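Subject: Model for you to look at

Hi,

Here is the structure I promised. Please open it alongside this note; my findings follow below.

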Amino acid sequence: MSNHTPGPWTISEGQSDIGIVIVRTLVAMVTNDEDWPISLEEQQANACLIAAAPDLLAALERIANTNSTNAAELKVWANAAIAAAKGEA
C-alpha cells in the first residue's frame, strides 16, 4: 500500500456539502443524499472523523512503537487524537 497524504487534513464547509481538503485538493465529500439523508450535525461529525485520520494513525503508531511504560504519556497521545476525531481540537 502506498503512503497516504500527510496531514493536516482540513474541513471546508459549503452551503450544502462538507469537504475534506488535503493540500488544497478535495479528497472526500460528506454530503446529504435524499436516498440516505443525514443531518448537518452528523455530516460535520463524519467530516471531523475523516479529517482526524492522520492524527489517529500517528497516535496509534506512537503508542505501538513506544518503549514507555508511562500510561499518562500514552493517554496524552490518545486523548489528542480522540479530540481531533470529535472536532474538539
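What percentage of the residues of the protein chain count as buried? Of its 89 residues, 22% do (buried is under 20% relative accessible area, with a 1.4 Å probe and protein chains only).

First, the ground rules. This is a predicted model: local features need pLDDT of at least 70, side-chain atom pairs count only at pLDDT 80 or more, and totals for chains, interfaces and linings use all residues. Residues are numbered from 1 along each chain as its sequence is written, and side-chain values use heavy atoms, leaving out hydrogens and water.

Confidence next. Mean pLDDT (the predictor's confidence in each residue, from 0 to 100) is 76 for the protein chain, and 72% of its residues reach 70 or more. Strand β3 (residues 25–31) has the lowest mean, 64; α3 has the highest, 86.

The layout is β-β-β-α-α-α from the N terminus. Helices (H or I, at least four residues) and strands (E, at least two) are DSSP runs, numbered from the N terminus.

Now the helix pair. Helix α2 (residues 53–65) packs on helix α3 (residues 71–85) at about 165 degrees, axes 9 Å apart. Axes are lines fitted to C-alpha atoms over the stretch in contact, and angles run from 0 to 180 degrees between N-to-C directions. That makes α2 roughly antiparallel to α3 (over 145 degrees).

In α2, D55, L56, A59, R62 and I63 make the contact (heavy atoms within 4.5 Å); their partners in α3 include L74, W77 and A78.

Best wishes

Conventions. Parallel < 35°, antiparallel > 145°, perpendicular 65-115°, else oblique. Buried < 20%, exposed > 50% of the residue type's maximum accessible area, 1.4 Å probe, protein only.
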